[in-house]
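Open the model in a viewer and keep the selection panel at hand.

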Amino acid sequence: MLEYVLRRCGLALAVGFAISLVAFLLLNFATDPAVTIAGEEATTEEIERLRKLYGFDRPLHVQYYDWLVSFFSGDFGQSVHWRVPVGQLVARHFPVTLLLAGMSLTVTIVVAVPLGVLAAMNPNTLIDRCALSIAVAAQAIPNFWLGMMAILLLAVIWPIFPVSGNNTIWHFVLPAIVLGLSSVPSIMRLTRTGLLEVMGTDYIRAARAKGYRGGALLRRHAMRNALLPVVSVLAVQFGEKLGGAIVTETVFAINGIGRLAVESVLIGDVPVVQSLLFLFAMFFVFANLLADLLNAWLDPRIRLT
């Protein structure tokens with residue numbers, strides 16, 4: 001088990017290193033940070049002065065090495081727009097995104113798993129077709145459209161929830177529903193498929209012969225094995241929600257790291273964009289790592305060599 005964990009951690013670090021290098025090169029080739037800091041009306045002398053001041057005149061490999069060392073030592077750099085350390089910006093906005101991701105994942109579990117169980121326990125019936133139709137509809141509707149419709153119906157026409165912001169827990173209800181519903185189709189189908197496979201196995205037939213039926217059969221024998229792939233995908237989706245809530249946070253004006261990334265791109269704040277890109281990538285990489293470890297822990301059939 002230890003060898004497996006170390007191997008997966010090493011692979012995650014290698015992927016993170018590659019992503020950081022690609023993000024650094026793309027950002028430096030796409031824009032001139034000195035011009036961004038100086039502004040459009042700056043003279044050539046002012047741009048050159050800022051380039052030397054911030055070290056942008058050094059070779060790219062030197063800049064990347066210094067940034068990487070500083071990043072892993074906890075120094076994410078200085079925002080050129082807000083004039084504060086990037087670490088402070090991330091620390092201020094990350095708890096908001098973490099709360100939104102946690103609530104949206106809860107919505108996904110509460111909606112998708114019962115739908116998948118209902119569909120699996122009633123295959124090829126009206127209940128099964130309705131559950132699959134709900135999953136397809138949730139997958140087809142874009143997040144930004146669903147968010148605007150939720151605001152129109154539940155915040156404007158019927159003022160049940162706040163329109164935007166993140167001042168109270170109620171401000172997170174609508175965006176959590178919107179973000180959570182986008183993950184319902186995959187989790188519902190995985191639950192349905194896994195449960196259908198498990199219900200046809202020999203040990204389920206043996207459990208039925210012992211008198212287990214209904215909920216007792218699901219809880220004690222079927223659900224653990226049926227939910228193995230679901231747990232893995234949920235871990236990955238949690239990482240995706242941490243780094244991919246940009247559209248939802250923008251629509252609902254939530255001050256998380258997704259909205260911070262959008263604002264930083266629009267104003268050309270390269271140090272913030274660079275750090276956030278790397279953080280988003282690492283969220284996804286370590287979510288995949290967590291999924292692998294959970295799968296290995298739950299499924300004794302996986303070889304850990």
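**The pocket**

Select helix 4 to begin: with four residues, helix 4 gives the most to the lining of the largest pocket. Helices are DSSP runs of H or I with at least four residues, numbered from the N terminus. This is a predicted model, where local features need pLDDT of at least 70, side-chain atom pairs count only at pLDDT 80 or more, and totals for chains, interfaces and linings use all residues. Residues are numbered from 1 along each chain as its sequence is written, and side-chain values use heavy atoms, leaving out hydrogens and water.

The largest pocket has a volume of about 420 Å³. A pocket is an open set of points on a 1 Å grid, where a 1.4 Å probe fits, with protein on both sides within 12 Å along at least five of seven lines; lining residues have an atom within 4 Å of a point. Next select Y54, F56, W67, G77 and P271, the closest to the pocket's centre of the 19 lining residues.

**The rings**

Now select F17, F24, Y64, W67, F71, F72, F76 and F278, which form one aromatic cluster. Rings of Phe, Tyr and Trp (its six-membered ring) pair if their centres lie within 6.5 Å; planes under 30 degrees apart are stacked, over 60 edge-to-face, and the rest tilted.

The structure holds twelve aromatic pairs. One of them, F71 with F76, is stacked, at 4.5 Å centre to centre and 20° between the planes. Both F71 and F76 are buried, that is, under 20% relative accessible area with a 1.4 Å probe, protein chains only.

F71 lies in helix 4 (residues 60-72) and F278 in helix 15 (residues 270-298), 207 residues apart.

Methods
Buried < 20%, exposed > 50% of the residue type's maximum accessible area, 1.4 Å probe, protein only. Helix = DSSP H or I, 4+ residues; strand = E, 2+ residues; numbered from the N terminus. Points joined across faces, edges and corners; volume = space filled by probe spheres on them.
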